[in-house]
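Thanks for coming, everyone. Let me put the structure on the screen, and then we will walk through it piece by piece.

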Amino acid sequence: MLHDLGVVGQLYTGVFALSGIVCFAAIGRAQKFQDPDVRRGLVGLLATSGGWALLRAAGFLLPDSFRVPAYIVGLAIGFATVWAWLYFCSAYSGRAYHRDTSLRRASAAVFLTVIAVKATNPIHGAYFTASEVSTPFVHLAVEHNVLHWTATGLSYVLSAVGLFIIFQLFFESGYDTRPLSALSVLIGLPVVFDIAAQFTPLLINIIYAPIGVAVFAVGVLFVFERRFLAVQRASFGDDLSIYLDERGRVRDYSASVGEVFPELGESTGDRLAKAVPSVVEALESDDQILERERAGDQRYYFVSTSTATLGDAGAQIVLLSDVTQTERQRRQLAEREAEVNEQNELYRGVIDVSFGFVFRIDEQGRFTFASPSVEEFLGYSPAELEGQPVSVTLPDEATVERAWEEIAPIFDGERNTVRDFPLETKAGTTVFTDVRGVPIYEGSVPAAERTPDDIVGVQLMVRDATKRREREGLISVINRVLRHNMRNKMGIITGYAEMLEGRLSGEDAENATKIKDTADQLLDLTESAQRLEEYRELSPELEPVDVVPLLEDTVSELRMQHPEASVTIDAPDAVVAETHERLKTALWEVLENAAKHGGDPPVVDIDVTVTETDVTIAVRDNGPGLPQAERDVLRSSVETPLVHGEGLGLWLIHWIVTSLDGELETTAGDEGTTVAIRLPKAS
């Protein structure tokens with residue numbers, strides 16, 4: 001029957017039959033494609049195109065009664081090639097359209113609708129009409145109607161969408177993809193024959209698409225298979241890529257790689273180690289980082305390999321991922337880590353000098369860290385304490401409650417210092433410590449944005465205070481005993497001196513008066529010593545205080561006890577300093593000293609001045625001036641055999657003012673002495 005078709009008919013039959021055979025023959029190779037979605041799409045495209053082509057060839061050979069049914073079945077299979085093509089394009093380009101449930105349902109609805117129209121054409125005839133013609137050979141001539149051109153237009157549009165996806169992928173890959181682009185164009189080229197057949201008798205009016213698919217399959221699966229695989233792998237990211245053959249020789253590379261490695265321009269066919277040895281060195285290094293200058297900027301690339309196979313073809317792809325920003329950050333972090341380690345060593349040194357050991361506790365009050373020196377002091381190793389509650393180092397429940405009272409403000413973002421806090425050693429002995437606590441914040445939160453909610457723990461720096469406590473306790477006992485005995489004995493001396501003063505006359509009476517005055521001075525000394533001890537125990541916390549009322553109350557008391565003194569105040573109506581109520585004691589000591597040792601009569605002038613940061617209270621008298629030894633006591637608070645004060649009043653002034661974060665300044669001249677107390681202004 002084939003010889004009845006003539007040369008032209010035999011040519012048509014042979015071309016379509018060959019196209020179908022090529023498509024089916026390529027299925028075996030396509031099934032070896034690694035990517036399952038690409039494999040399914042390509043196999044579906046080859047199967048539908050091959051079936052369509054074979055049905056088209058059979059249509060030339062079948063008896064007249066079978067030609068129309070074969071044509072209709074071919075139309076249905078031919079329309080299926082469109083959806084197989086779209087599935088393949090989506091999967092090959094790394095998109096997920098082929099997995100979208102909504103798109104798949106819509107596609108199925110469109111496909112079934114068009115197939116229904118084609119299958120029912122013998123009833124309505126709106127799709128095509130067919131008749132047998134003998135020119136240029138005996139075949140079924142088809143006259144396509146409106147529904148055919150509508151379905152064909154839809155097919156062309158959908159196929160063009162797939163081509164666009166493929167071309168976009170080729171463009172993004174950076175490879176020379178002109179051969180692959182030409183192959184892809186061949187899929188759409190048969191459309192030209194379809195249109196030309198409408199206007200020339202040299203071509204019969206038949207759909208030529210299976211021929212284009214067959215050429216595409218041969219090209220991508222047998223001729224350009226390595227590049228086909230490399231383009232897909234390289235285009236999924238922004239990586240630079242070089243692809244090699246089975247022997248590790250350079251076969252192609254993306255355009256961006258050529259910018260980084262110009263030497264690749266003449267290295268096609270060379271082994272990678274010869275073409276770009278630095279890439280091989282990076283692959284064999286521990287971090288696989290390649291450093292390279294690009295456009296005057298130092299860039300860093302992570303070098304890796306990937307292998308894709310298709311049948312016997314293998315493409316080893318060398319990928320260079322630009323990790324410049326990450327690598328720079330890593331190197332900066334490494335530098336910062338080295339700096340932090342150095343700072344930590346300094347920090348440990350400071351801790352060792354300033355404190356005995358360090359604890360860290362979490363919000364549940366459990367130890368998360370203990371420095372090694374804790375073992376020497378408490379007998380516990382750091383490992384024994386970590387994870388344990390703080391109560392294991394506290395002697396009783398009362399101390400546990402006190403500990404939490406002191407820790408609570410730290411979790412609110414404050415710092416806290418506690419003196420003479422008891423701890424219990426592993427052996428059960430109670431020791432006393434000075435403890436400084438600071439909050440620990442979540443490290444990822446910037447310092448300017450930290451709130452108490454970001455606190456994750458507390459750091460406690462501990463110093464052994466046992467010996468100091470024993471020493472201060474001994475001093476306190478001696479102080480109390482001396483004061484007690486001094487008051488008792490001086491009371492007796494004062495009583496006898498007053499009795500003698502009343503009974504004697506002349507020089508003897510004057511001597512009795514001197515004895516009484518000296519005894520009174522010693523009693524004043526004991527009172528000053530008592531106040532010093534009392535103020536030593538007071539809290540150092542400061543608060544805003546209006547110093548003008550304190551000063552006025554002190555002056556009123558001074559005028560009552562020293563009516564002969566002339567006292568004037570030059571001060572604003574209100575002056576608020578960051579201080580404490582015990583400032584009044586220091587003011588009294590300064591004013592009384594001025595009244596006692598002023599001129600005859602004593603004149604005391606008080607000036608209060610305010611700056612942006614300080615409040616200064618200056619007390620000036622008209623006396624002979626404070627001796628140099630007394631000024632040295634106020635300035636340095638140093639007592640030596642050569643530098644000492646006549647009493648404890650000056651020590652009390654110095655102690656109070658310095659404990660209030662204030663400063664003392666003394667100026668002596670021919671017209672008297674000025675003592676200035678400078679305090680921080682309240683913010």
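Start with D661, which sits in the loop between α23 (649-659) and β18. Helices here are DSSP runs of H or I with at least four residues, strands are runs of E with at least two, and both are numbered from the N terminus. D661 is not a glycine, yet its phi is positive, near 60°. Most residues other than glycine have a negative phi, and most peptide bonds are trans. D661 is also exposed, at 58% relative accessible area. For these labels, buried means under 20%, exposed means over 50%, and partly exposed is in between, with a 1.4 Å probe and protein chains only.

A word on the source. This is a predicted model, where local features need pLDDT of at least 70 and side-chain atom pairs count only at pLDDT 80 or more, while totals for chains, interfaces and linings use all residues. Residues are numbered from 1 along each chain as its sequence is written, and side-chain values use heavy atoms, with hydrogens and water left out.

Back to backbone details. Q288 has a positive phi too, about 55°, and is not a glycine. Look for Q288 in the loop between α13 (277-284) and β5 (289-294). Q288 is partly exposed, with a relative accessible area of 23%. Next, a cis peptide bond: D600 and P601 are joined by one, with omega about 5°. P601 belongs to the loop between α21 and β16 (603-610).

Now the strands. Two strands count as paired if DSSP finds at least two bridges between them. Take β14 (residues 566-570): this strand runs parallel to β16, over five bridges. V567 has V604 in β16 as its bridge partner. β16 then pairs with β17 in the antiparallel sense, over seven bridges.

Move on to β17 (residues 614-621), which is antiparallel to β19 (residues 672-680) and joined to it by seven bridges. Strand β18 (residues 663-669) is antiparallel to β19 as well, again with seven bridges. Two residues connect β18 to β19 in a hairpin.

Which residue of β19 is the bridge partner of R620? That is T674. R620 in β17 is also the bridge partner of D605. And the side chains of D605 and R620 meet in a salt bridge, 3.4 Å from N to O. D605 lies in strand β16 and R620 in strand β17, so this pair ties together parts 15 residues apart in sequence. D605 is partly exposed at 23%. R620 is partly exposed at 35%.

How many salt bridges does the structure hold? Nine. The rule is a side-chain nitrogen of Lys or Arg within 4 Å of a carboxyl oxygen of Asp or Glu. One of them joins R99 to D37, with the closest N and O atoms 2.5 Å apart. R99 lies in the loop between α3 (64-92) and α4 (101-119) and D37 in helix α2 (residues 36-61), so the pair ties together parts that are 62 residues apart in sequence. Buried or exposed: which is D37? Buried, at 6% relative accessibility. R99 counts as exposed, at 54%. D37, R40 and R99 are linked in a salt-bridge network.

E384 pairs with K426, and there the closest N and O atoms are 2.7 Å apart. This pair links distant parts of the chain, 42 residues apart: E384 in helix α16 (residues 382-385), K426 in the loop between β10 (416-424) and β11 (430-441). E384 is partly exposed at 35%, and K426 is partly exposed at 46%.

Last, the surface. A nonpolar patch is formed by I492, Y496, M499, L500 and L504, with about 450 Å² of accessible area together. Patch residues have over 30% relative accessible area and no salt bridge; like charges are joined within 9 Å, and nonpolar side chains (Val, Leu, Ile, Met, Phe, Trp, Tyr) within 5 Å. Accessible areas come from the Shrake-Rupley method with a 1.4 Å probe, and for residues only the protein chains shown count as cover. Y496 is in helix α18 (residues 466-503) and counts as exposed, at 52%.
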